[in-house]
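Me: Hey, I'm new to this one. Can you walk me through it?
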Amino acid sequence: MQGNEACVYAAIDCGARFYAGYPITPSSEIAELSAKYLPKVNGIYLQMEDELGSIAAIIGASAAGKKSFTATSGPGFSLMQENLGMAIYAEVPCVIINVQRNGPSTGLATRPGQGDVMQARWGTHGDHPIIVLSPSSVQECYDLTIRAFNLSEKYRIPVILLSDEVIGHMRESLTIPEVEDLIIINRKLPLVPAQGFKPYTPEEDLVPAIPPFGTGYIVHISSSCHDESGYSHNAPQTADNLVRRLHKKIEANQEDIVQVEWFGPEDAELTIIAYGVISRTAKQVVINAQANGLSVNLLRLITHWPFPDEQVTQALKKARAVLIPELNLGQVVQEVHRLNSFNTPVYQLSRIDGEIILPSQIMQKVEEVLK
Amino acid sequence: MSGYTFKSYLEKSQLPHMWCPGCGDGIILRAYTEALAELCLAPQEVVTVTGIGCWGKADDYLGTHAFHGTHGRALAFATGIKLGNPDLTVVALMGDGDAVTIGGNHFIHAARRNINLTAIVTNNYNYGMTGGQYSATTPLEGKTTTSPNGTAEPGFDLCFLAEAAGANFVARTTCYHAVALKNMIKEAISHQGFSLVEVVSSCPTYFGRFNVHPSPVKMLNWLKDKAVPVQKYREMSAAEQAEHFAVSTLVNKNRPDFYTTYKRINRPDQSAKGEE
């Protein structure tokens, strides 16, 4: 099955019952399959007039209690940024799948890119946390879509699945577990009485238990600065407390959220840091290098954001050099520089012509570095 | 009787409101909450969705469920809320900026889809919250802070727009006609499908001051004189019509709403074409 298709099966398996989106290459299969299967499970597929409306509709449906998702690519993802911030600020869970294509602007609509790593982190205005996951196989499109919903429900934050054109359109076999074997997390509900209920009162884990509209609890959701009642409140301390808590609920759970994969020898001379389609190329390079007597391993980023600071720091500390191949002019590499207090040489390999980076290109760079 | 009064839907701790003296918003808020009381709707059954602007602040004073979203997107959020839980009564409160300027696309598509919700649009012909700039309903040559010599753009007719897009129920009144307004809101909420109530409202602070009169009383009288029942309006000459607008129910259809139609077409047991 295709990566894009795997995302839909996963969404439905973990209980998503509402999709709103606007078709865009290379994500359209997600819309098409959702349109086909959601009605079979009493769900709704809604084709909105644009991506501003698409994300607004999934936020609305989620506030009304439905696990909701949308899928898009660069241009549509740009249009979603304002309401992405709204969902973060108002703590409404939802999943946004961005099947990245070459940009900027309309760019090469049918070719892969990885140019949205920073947009996924910083695209919406103001200080905010975000969770972004990056699949590199069809199996992971399934697994990480489940994980995206789980993290979104658990921490009440939008989660972005940052896929790319190759991963989305690639066909591989995968194992789909029995639904009863899946670990599914649903948002928690309040245990306090409805009288005097304040939906944004954080619990011990800093996450508030906000019920959906239509239960006995009155729920006030606001894009404006709000206090624990959910009503808008402009006091400086309220503004400060809210944004700091939003950050803290993610920072405090870094260990639960951040996932990476190490591949190859533990103490390699050179570590490649890669993600998405390019991590597949890099894996081949690690295998080829070993055969050629070169000491190379791979740190594959499964969680993009929050950034795997600890694991990248470890790589910078241990390796003689670090190489970051990406389908952009250098986005993850900047984060690696931020963490590099070890003077470890950091090399970058970019490709932005709509083609993927080939193993031979990475290998050439590896040989140059290790010479 | 339900025992609900308009006060059942107000969050008293949030009052007094922030609207200017003479603003129509207070009258409209009262009409909305009275309509809810007369419809015997529990606050827990109602989601009030607001946008951004003076009227977009209305949720601050309401004790129903509320969703205060981003500018222009109220109907897109409301669409998701209604489809997420069709049992809820969903009412979107928007100004002319929210509804048909920045949010015009959502407005026509919510009407076209015939989503079963009610839009109460306060049309005061300008952006009050940001200081009186022109919107897509400011009439041609209307003076605002960004059209000091008069705007070169003609304004939208909200009701025509909604009707052309497919709305089931379309009605217009003014904030002068407070009782008619309440009844109209009741009818709109009770009507299945997309319902629009346009409330032509007074902004003495900006639009009134620049174009009519800064006095709230004179503004209300101006609205009263401008508003003509639709039958009478139709008998007017084009020149007279240009000086007035039609009020009362303008469209009353019973096209099935989106959810009903979607469920009819997409039964869970139905196999989609092309199924392996």
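**Salt bridges, chain by chain**

Me: What separates B:Glu34 and B:Arg30 in helix H1 of chain B?
Reply: About one helical turn, because B:Glu34 and B:Arg30 are four residues apart in helix H1 (residues 25-38) of chain B. Helices here are DSSP runs (H or I, at least four residues), strands likewise (E, at least two), numbered from the N terminus.

Me: And what do B:Glu34 and B:Arg30 form?
Reply: A salt bridge, with the closest N and O atoms 2.8 Å apart. The term means a side-chain nitrogen of Lys or Arg within 4 Å of a carboxyl oxygen of Asp or Glu.

Me: What should I know about the model itself?
Reply: This is a predicted model, where local features need pLDDT of at least 70 and side-chain atom pairs count only at pLDDT 80 or more, while totals for chains, interfaces and linings use all residues; side-chain values use heavy atoms, leaving out hydrogens and water. Residues are numbered from 1 along each chain as its sequence is written, and chains are lettered from A and ligands numbered from 1 in the order in which they are written.

Me: How many salt bridges over all chains?
Reply: The count comes to 25.

Me: Switching to chain A, which side chain meets A:Glu91 in a salt bridge?
Reply: That of A:Lys249, at 2.9 Å, N to O. The two are 158 residues apart, with A:Glu91 in the loop between helix H4 (74-90) and strand S4 (94-102), and A:Lys249 in helix H8 (residues 236-251).

Me: Is A:Glu91 buried or exposed?
Reply: Buried, at 0% relative accessibility (buried means under 20% relative accessible area, exposed over 50%, partly exposed in between, with a 1.4 Å probe and protein chains only). A:Lys249 is buried too, at 1%.
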